[in-house]
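Please look over the fold below before reading on.

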Amino acid sequence: IIVKESNFVSIKKVVCANSSVANIFAYQSIIKVFNSSISSSQIGVYVEECPIVTIIGNRIYNNSYIGFKLYKCVYTGVLHWIHLEPVGDKIAEVRIIGNYIQNNTYGIHMDFGPGYFNSFVRISNNEIKYNKVGIYANVTDGYVYENNFIENEKHAIGGKDPMIKFYINISKEMYGFLDEPVGNYWDDHDSSDPYEIFPGYYDYY
């Protein structure tokens, strides 16, 4: 499936498999992919220069290179009010929520070319399992919380660019009050000490 220079495109309840490069490719579009099965390609879902992206409730698995690839997706303030999935907290323009991401080389891969960065990314409530690398993040900022990282060879890797700004713990505001901070589940964390995700980044909850 190719989506190019289009707005408000929804891909729902489809089975995408066995493409030679990417099962779903979106370029300069506003796109939502949900309740779908995406497998057995080089890349499951590849989005590039898309201002608003929602990836929710999918099974993304058995892709030889990357399950979900995010490249050059930058926050666009003029479109901040247009959300494809109203989740209530308005903290991100790229939303990767409630997916099963399994058996890929990279579960989620986020990078950018020189001089730019991916911005306003939310990754939450996913099961990221059996990948060689669960998440790779470089020149990207956003929120990573309430995910389950299970039996990946490496749960997360951070790139070398100093612009990495991932906030691992977040408190949600409801009715004027903040909830207790939450983090992620790491299956190899067996102590009460903060979990070191990669050098310099810790999950305290």
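## An all-strand count

The protein chain has zero helices and 25 strands. Helices (H or I, at least four residues) and strands (E, at least two) are DSSP runs, numbered from the N terminus. The model is predicted: local features need pLDDT of at least 70, side-chain atom pairs count only at pLDDT 80 or more, and totals for chains, interfaces and linings use all residues. Residues are numbered from 1 along each chain as its sequence is written, and side-chain values use heavy atoms, with hydrogens and water left out.

Of the 205 residues in the protein chain, 51% count as buried. Buried means under 20% relative accessible area, exposed over 50%, and partly exposed in between (1.4 Å probe, protein chains only). Contact means heavy atoms within 4.5 Å. Among contacts in the protein chain with a separation of 6 or more, residues 24 or more positions apart account for 48%.

## Core

In soluble globular proteins, nonpolar side chains tend to be buried together. A nonpolar core here is a set of buried Ala, Val, Leu, Ile, Met, Phe, Trp, Tyr and Cys residues joined through side-chain atoms within 4.5 Å. The largest one holds 38 residues. Val47, Phe68, Ile108, Met110, Ile123 and Ile135 touch the most other members. Strand S24 (residues 195-198) gives the most to this core, with three residues.

What does Met110 touch, leaving out residues up to four places away in sequence? Its partners include Leu70, Val121, Ile123, Ile135, Phe166 and Asn118. Asn118 lies in strand S14 (residues 118-124). Asn118 is buried, because its relative accessibility is 0%. Beyond its neighbours within four places in sequence, Asn118 is in contact with residues including Tyr71, Cys73, Asp111, Asn138 and Thr140. Asn118 and Thr140 sit 22 residues apart in sequence, yet their C-alpha atoms are 4.5 Å apart in space.

## Cavity

Rolling a probe the size of a water molecule over the atoms shows where empty space is left. On a 1 Å grid over the protein atoms alone, a cavity is a set of points where a 1.4 Å probe fits but cannot get out; lining residues have an atom within 4 Å of a point. Grid points are joined across faces, edges and corners, and a volume is the space filled by probe spheres set on the points.

The count comes to one cavity of 30 Å³ or more. The largest cavity holds about 90 Å³ of space. Its lining residues include Ile135, Phe149, Trp186 and Phe198. Strand S16 (133-137) and S24 are the elements that give two or more residues to this lining. By class, the lining has ten nonpolar, no polar and no charged residues. Ala, Val, Leu, Ile, Met, Phe, Trp, Tyr, Cys and Pro count as nonpolar, Asp, Glu, Lys and Arg as charged, and the others, Gly among them, as polar.

## Cysteines and loops

A search of the whole structure finds zero disulfides (pairs of cysteine sulfur atoms within 2.5 Å).

| Residue | Relative accessible area | Class |
|---|---|---|
| Cys16 | 8% | buried |
| Cys50 | 1% | buried |
| Glu5 | 54% | exposed |
| Tyr130 | 37% | partly exposed |

Glu5 has a positive phi of about 50° although it is not a glycine. Glu5 is placed in the loop between strand S1 (2-4) and strand S2 (9-12). Tyr130, also not a glycine, has a positive phi near 60°. Tyr130 lies in the loop between strand S15 (127-129) and S16.

How values were computed
On a 1 Å grid over the protein atoms alone, a cavity is a set of points where a 1.4 Å probe fits but cannot get out, and a pocket is an open set with protein on both sides within 12 Å along at least five of seven lines; lining residues have an atom within 4 Å of a point.
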